[in-house]
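Visitor: Please walk me through this model. Start with the sheet, then turn to the helices and the charged pairs.

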Amino acid sequence: MLINKVLGFLGISAKAGKIVSGTDIVLENIEKNKIKLVIVATDAAERTINNFKYSCEKKNVPIYIYGNIEENSKAIGKENRAVIGIKDEKLAEAIVNKISAEVK
């Protein structure tokens with residue numbers, strides 16, 4: 001199943017120290033132009049999703065509403081993380097490619 005590939009990339013990114021997770025820290029990093037991709041869980045609060053859509057649009061950062069909080073959090077070895085920011089360009093690209101392949 002492809003979803004595991006996306007979650008696998010999130011796990012690799014986490015182990016490599018190339019992500020930040022949690023709403024406040026991800027927003028902070030978006031403002032500092034350090035984030036290349038944002039992933040928000042499908043079951044995140046609507047307000048959270050809208051806030052991130054706005055922030056990402058403002059800073060021209062790609063955003064995907066993907067996975068659920070439990071799966072995404074588990075993939076990065078944390079608990080209860082609705083938002084994940086990817087700081088590495090290549091990993092962000094790879095994750096986008098996997099998500100895009102899944103949608104087709």
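**Sheet, helices and charged pairs**

Guide: I19 stands opposite I86 in strand 4. This is a predicted model, where local features need pLDDT of at least 70, side-chain atom pairs count only at pLDDT 80 or more, and totals for chains, interfaces and linings use all residues. Residues are numbered from 1 along each chain as its sequence is written, and side-chain values use heavy atoms, without hydrogens and water.

Visitor: What is the order of the four strands in the open sheet?

Guide: Helices (H or I, at least four residues) and strands (E, at least two) are DSSP runs, numbered from the N terminus. Two strands pair if DSSP finds at least two bridges between them. The pairing here is mixed, and the order is 1-4-2-3.

Visitor: Which strands stand at the edges, and why is one side of each left without a neighbour?

Guide: Each edge strand has a single partner strand, so one side of each has no neighbour in the sheet. The edge strands are strand 1 (19–21) and strand 3 (63–65).

Visitor: How many bridges join strand 1 to strand 4?

Guide: Strands of a sheet pair through backbone hydrogen bonds, either parallel or antiparallel. Strand 1 and strand 4 (residues 83–86) run antiparallel. The number of bridges joining them is three.

Visitor: What angle does the direction of helix 2 make with that of strand 1?

Guide: Helix 2 (residues 23–31) packs on the sheet and touches strand 1, strand 2 (37–40) and strand 4. Contact means heavy atoms within 4.5 Å. Axes are lines fitted to C-alpha atoms, for helices over the stretch in contact, and angles run from 0 to 180 degrees between N-to-C directions. The angle is about 130°.

Visitor: At what angle to strand 3 does helix 3 run?

Guide: Helix 3 covers residues 46–59. It lies across strand 2, strand 3 and strand 4. Its angle to strand 3 is about 160°.

Visitor: Which residue forms a salt bridge with E31?

Guide: A salt bridge is a side-chain nitrogen of Lys or Arg within 4 Å of a carboxyl oxygen of Asp or Glu. The closest N and O atoms of this pair are 3.6 Å apart. The pair links helix 2 to helix 3, across 27 residues. The partner is K58.

Visitor: Is E28 buried or partly exposed?

Guide: Buried means under 20% relative accessible area, exposed over 50%, partly exposed in between (1.4 Å probe, protein chains only). E28 forms a salt bridge with K32, with the closest N and O atoms 3.7 Å apart. E28 has 42% relative accessibility, so it counts as partly exposed.
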